[in-house]
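Dear colleague,

Please find below the structure that I am handing over to you. After it I set out what was found.

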Amino acid sequence: MADGTPRTPIVAEQAADRLYIIDARGRLERRILLDWIHSTSGDEEPAWASLDIEDDDHALPVDVLQARLGGAPSRQIVPLRIAWRIPGFDKNRALKFRHLIFGDPRHPGPLRAQLILWRDRRRAQILVGEAATLDMLRDRFCAQTGGGDGEGTDSPEFAGFVARQAALALDVAERGIRGTRYKVPRFVADGLRTSPKFRAALAELSEKTGRPVADLYREARPLMKEVIARPSALFLDLRARLDRMMFGGYAPEMEIDAAELAKLRSILREHPTAILFTHKTYIDGATPSRLAYENDLPMLHSFGGANLDFAVMGEFFRRSGMIFIRRSFQDQPVYKLVLRHYIAWLLAKRFPLSWAFEGTRSRLGKLMPPKYGLMKYVLDAAHATGTKDVHFVPFVTSFDLIRDVEEYAAEQTGRNKKPESLSWFLGYMKSLKEPSGRIRLDIGNPVVIDAAPAPDDKRALETIAFAVAVEANRVTPLTVTSVMCLILLGMAPRGATAAELLGAIGAVTDWARARDIRLSSELESGDNTALSATVDTLVASGLLTRYEAGSENVYSIDPAKHPMASYYRNIIAHHFLDRAMIELALFELRDGDSGDATAAFWAKIDRLRDLFKFEFFYPPRDEHRAAIEAELARIDPVWDRRLAGGDRGIAQLLRRCQPAVGHAILLPFAEAYSVVAELLARAKPGDAVDEQALLDGALAEGRQAYLLRRISSEAAIGKLLFANGLSLMRHMGLTTDATPVNLAARRALLMELRGLANVMETMRLSTVALADRLPGSGG
């Protein structure tokens with residue numbers, strides 16, 4: 001055990017048949033361990049072998065160990081090591097600058113170790129790893145390596161295997177005193193080279209390519225060095241300190257539900273796991289690793305492009321757990337094989353992986369369509385090696401303020417993005433020190449893959465990625481920032497008094513509770529003090545304005561800030577999507593000659609679904625209709641009779657829908673699409689569509705439309721919004737060369753979109769008219 005007693009008790013008659021493996025970095029450590037052996041073993045001449053069991057690219061010096069591995073099958077192999085304790089270091093893991101110069105204080109050099117001993121011998125703690133018999137080790141060797149190189153258990157390969165097993169047993173003992181956060185993979189390259197599955201894969205590749213297996217081994221060796229991360233305790237501590245620095249402007253503690261954290265701990269311990277996080281900012285990739293470090297969970301392996309593997313930064317990231325992957329390796333079968341088996345090795349050994357499943361930061365706030373690349377690598381690895389029960393865990397980070405949003409807004413409205421450089425990085429890090437509120441973490445239910453699909457099963461891959469996205473959306477909470485932006489954008493250009501805001505926030509949170517939608521701590525508790533503190537942060541940041549000179553404080557969002565505010569609203573827009581579609585369909589029915597109102601209602605729902613299919617994730621149509629019906633039942637238990645009753649029933653349903661939110665959710669998309677549709681409708685017969693020129697022109701036309709108030713907000717001006725609108729029109733067949741027929745269809749779509757925008761303006765006015773009657777209003 002870590003306190004100096006063997007994990008496997010050794011009875012007296014076994015005492016004379018033990019072999020101690022001493023993992024010592026020098027003569028001083030070896031002397032301490034030999035003194036301990038002589039004082040505790042009872043043997044006059046105990047058998048031992050000493051070597052520094054390093055995890056590097058060089059063969060272990062196992063000659064002495066090999067010579068002493070004989071004996072009865074029941075002979076005990078007992079591993080020993082020194083764990084150097086540093087006062088105060090293990091408690092708060094506070095890195096000092098001198099540690100980067102003189103090295104990890106947990107692995108002191110000879111002079112430093114001697115100085116430590118002179119001060120306090122108790123700081124050299126004896127670790128005794130779990131003992132194993134020779135028979136057990138031989139069985140393990142055959143099971144894990146298939147018998148190795150064929151020379152049996154008298155070979156140097158078996159001796160090296162025993163040494164590595166000793167080191168792993170000691171690592172387990174050391175984690176007992178240092179923590180699970182320091183569980184790092186050891187001897188990965190050796191594990192791959194000796195794996196029967198890896199050898200079989202190389203043999204199969206040899207047959208396909210006609211190249212000798214030996215040549216493939218030689219090619220694989222430097223590729224392993226390129227791909228395999230080499231995390232260490234020192235660099236994990238350093239990475240954790242940098243993570244804390246990045247979150248300097250946020251509250252010190254990240255909020256997370258204790259039950260979800262306990263569930264995640266169990267999943268990481270028992271299953272091959274990948275944590276897939278949503279990507280809103282440069283720094284949200286650090287929240288899963290920070291959570292793991294601060295809660296003593298196993299470290300996470302992340303992924304990065306090979307272009308980042310340079311000089312000091314590349315080494316830092318590799319030593320803190322990053323796996324660098326080439327951008328393209330379609331025609332590099334050995335590289336592909338090494339990467340596949342390395343990922344499978346990590347999964348099998350319960351080393352969790354982590355990446356942003358959207359692939360890039362969301363520029364609009366809402367979830368981006370998932371990228372399949374890394375998920376495919378993992379599933380292909382699991383399929384090739386037979387790895388079962390892979391768990392994909394959705395992970396959502398919610399920030400009160402995101403410093404990247406101003407950059408996104410500038411980029412989407414056509415202003416030039418600042419190039420990423422050292423000065424940019426220093427400025428970004430400085431901005432992170434500004435007060436930014438709280439961070440909340442939400443962990444979804446895992447998407448469990450019992451058996452990985454075949455590499456060519458694209459439909460299965462899409463289904464898995466969609467399931468992760470849907471679960472990530474489900475656990476995304478409403479926050480003060482997102483709710484206030486939703487409310488104020490829905491009322492704009494009118495502002496709202498503090499009483500009106502509180503009433504509206506109360507209505508939204510009550511609505512969300514009834515639907516089991518998650519709420520941030522301030523919204524859940526109804527703590528007005530905490531709510532006010534968050535609002536003060538938003539006002540100080542400039543996102544919200546507060547007018548205090550009158551008899552009541554009035555809150556609003558400056559029109560120039562609408563693109564930024566829409567980002568926060570879009571984060572939660574999916575929660576309100578069904579409600580928004582219902583409201584918009586009902587308002588359209590109220591203003592039109594519907595005939596069969598029920599049939600017309602569902603036709604409008606289907607049309608809205610089709611119009612915004614490039615913005616939101618929908619379930620299959622039958623499931624979506626059931627969800628719409630469930631929402632209607634919450635609005636009015638007899639909704640079907642009211643809908644069938646025509647105008648009067650529709651009016652009753654609309655009253656029960658107040659305050660309306662549909663315009664706040666869907667108006668920017670309809671307005672943005674109308675800009676694109678108008679540009680297409682202006683074409684002359686025979687004109688071809690230059691899509692890039694059209695998107696560039698849409699930025700200028702969108703700005704003009706806003707100045708003329710043909711669109712209501714700059715939030716409807718954005719490259720991605722226009723691109724999604726163009727994708728819709730391409731899907732509808734409207735981007736082919738102009739003809740009288742498709743020009744008429746373009747104009748019809750433009751009129752439809754403008755009609756929707758007009759209906760949503762009516763919805764906004766109804767909400768504004770209701771403001772004085774909301775609970776808590778001073779009116």
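Does Phe247 count as buried or exposed? Phe247 counts as buried, at 3% relative accessibility; buried means under 20% relative accessible area, exposed over 50%, and partly exposed in between, with a 1.4 Å probe and protein chains only.

Residues are numbered from 1 along each chain as its sequence is written, and side-chain values use heavy atoms, with hydrogens and water left out.

Confidence in the model

The pLDDT is the predictor's confidence in each residue, from 0 to 100. Its mean over the chain is 88, and 93% of the residues reach 70 or more. Over residues 1-14, however, the pLDDT is below 50. Where pLDDT is low, the predicted coordinates should not be read in detail.

The chain as a whole

The chain has 33 helices and 15 strands; helices (H or I, at least four residues) and strands (E, at least two) are DSSP runs, numbered from the N terminus. Along its principal axes the C-alpha trace spans about 100 × 65 × 55 Å. Of the 779 residues in the chain, 54% are buried. Contact means heavy atoms within 4.5 Å. Among contacts with a separation of 6 or more, 77% are between residues 24 or more positions apart.

Two nonpolar cores

A nonpolar core is a set of buried Ala, Val, Leu, Ile, Met, Phe, Trp, Tyr and Cys residues joined through side-chain atoms within 4.5 Å. The largest one has 136 residues, and those with the most contacts inside it are Leu478, Leu586, Phe601, Phe612 and Leu666. Helix 30 (residues 662-681) gives the largest share of this core, 14 residues. Apart from this core lies another, of 54 residues, including Tyr342 and Leu461. In the largest core, Phe601 has a place among the residues with the most contacts; not counting residues up to four places away in sequence, Phe601 touches Ile582, Ala585, Leu586, Leu589, Ile628, Leu632 and Leu643.

Phe247 and Thr397

Phe247 is in the loop between helix 11 (233-246) and helix 12 (258-270). Leaving aside neighbours within four places in sequence, the residues in contact with Phe247 include Thr287, Phe399 and Ile439. Thr397 lies in strand 10 (residues 388-399) and is buried, with a relative accessible area of 5%. The side chains of Thr397 and Thr287 are joined by a polar contact of 2.7 Å. Such a contact is a pair of N or O atoms within 3.5 Å; within protein, one must be able to donate a hydrogen and the other to accept it, and residues adjacent in sequence count only if both atoms are side-chain atoms.

In the order 13-15-14, 3 strands form an open sheet with antiparallel pairing; two strands pair if DSSP finds at least two bridges between them. Strand 13 (496-497) and strand 14 (545-547) stand at the edges with a single partner strand each, so one side of each is left without a neighbour in the sheet. Strand 14 is joined to strand 15 (residues 554-556) by 3 bridges, and Tyr547 stands opposite Val554 in strand 15.

Yours sincerely

Methods
This is a predicted model: local features need pLDDT of at least 70, side-chain atom pairs count only at pLDDT 80 or more; totals for chains, interfaces and linings use all residues.
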